[in-house]
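Trainee: I would like to learn how to read the packing in a model like this. Please show me the structure first.

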Amino acid sequence: MESAVAAPVMVPGVSLTRLEWLAERIADMGISWGTGDSRVSGTLWWCMAASSLVDPIATAYAEGLPAPGSVLEQLLCEVRPDGGIERVVSAAHQDGRADSGPDTDVGHALHRTLDRIIPAVAAVSGAGVPSLWAIVADAIGNRALDAGDPEAGARLAREVAGRLPVPRFTDIGGRTFLRRTSCCLVYEVPGCQMCTSCPKRPVAERNNLLAELAAGS
């Protein structure tokens with residue numbers, strides 16, 4: 001007899017603004033990573049959540065397709081057992097309904113959503129608001145890069161505007177990399193090391209590591 005597979009846990013997007021819910025999910029993330037520092041676990045949690053939030057939008061921009069909306073009340077989030085956000089979907093977009101109006105409004109809608117979520121994540125985790133915005137910029141840049149059009153990520157970021165930095169890119173060893181402005185703080189987790197592309201690495205060291213990565217790809 002096959003064991004039943006648990007259905008994904010889906011929660012409404014507004015959960016991302018609820019302090020008690022956020023605190024529980026960030027605590028779950030801390031347990032998973034083995035850290036009791038809420039600033040670290042909250043930053044790691046937001047790196048994953050931000051990526052899931054912007055992925056469908058940045059990918060649509062890169063592929064020249066209509067972007068799903070990001071109105072918070074129309075979003076559903078799939079939550080993993082470790083508290084992380086696996087994916088974010090627009091219920092209206094899935095149903096074939098318009099959810100953000102014309103494409104020119106996509107960036108504004110995303111800005112409003114982020115402007116509601118980021119202060120809550122900062123309040124619960126102790127992470128700085130500017131650093132959380134920077135994480136979003138890097139997520140947008142990386143998701144657009146993955147989809148094959150880095151400039152689409154920069155265009156989306158410019159439309160979001162406000163406190164969101166515009167992603168920048170660099171070519172090393174014949175490969176394009178995001179020039180990150182944010183740090184996920186994973187190196188503060190016991191037993192973990194700094195990311196290859198971490199902006200806290202000395203430039204020469206980082207470029208050498210990226211060149212080695214490009215050569216092996």
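This is a predicted model: local features need pLDDT of at least 70, side-chain atom pairs count only at pLDDT 80 or more; totals for chains, interfaces and linings use all residues.

Trainee: What is Trp-46 in contact with, leaving aside its neighbours within four places in sequence?

Mentor: Trp-46 is in contact with Ser-51, Leu-114, Ile-117, Ile-118, Val-121, Leu-132, Ile-135 and Val-136.

Trainee: How is a pair of packed helices described?

Mentor: By the angle between their axes and the distance between the axes. Here, helix 2 and helix 4 pack at about 170°, and their axes lie 10 Å apart. Angles over 145 degrees count as roughly antiparallel, so helix 2 and helix 4 are roughly antiparallel to each other.

Trainee: Which residues meet in this pair?

Mentor: Among them are Trp-45, Trp-46, Leu-53 and Ile-57 in helix 2, and Leu-110, Leu-114, Ile-117 and Val-121 in helix 4. The residues of this contact divide into 13 nonpolar, five polar and one charged.

Trainee: Is Arg-25 buried or exposed?

Mentor: Arg-25, found in helix 1, has 14% relative accessibility and therefore counts as buried, the cut-off being under 20%. Beyond its neighbours within four places in sequence, Arg-25 is in contact with Trp-45, Val-79, Asp-82 and Gly-83.

Definitions and conventions
Residues are numbered from 1 along each chain as its sequence is written. Side-chain values use heavy atoms; hydrogens and water are left out. Contact means heavy atoms within 4.5 Å. Axes are lines fitted to C-alpha atoms, for helices over the stretch in contact, and angles run from 0 to 180 degrees between N-to-C directions. Helices (H or I, at least four residues) and strands (E, at least two) are DSSP runs, numbered from the N terminus. Angles under 35 degrees count as roughly parallel, over 145 as roughly antiparallel, 65 to 115 as roughly perpendicular and the rest as oblique. Ala, Val, Leu, Ile, Met, Phe, Trp, Tyr, Cys and Pro count as nonpolar, Asp, Glu, Lys and Arg as charged, and the others, Gly among them, as polar. Buried means under 20% relative accessible area, exposed over 50%, partly exposed in between (1.4 Å probe, protein chains only).
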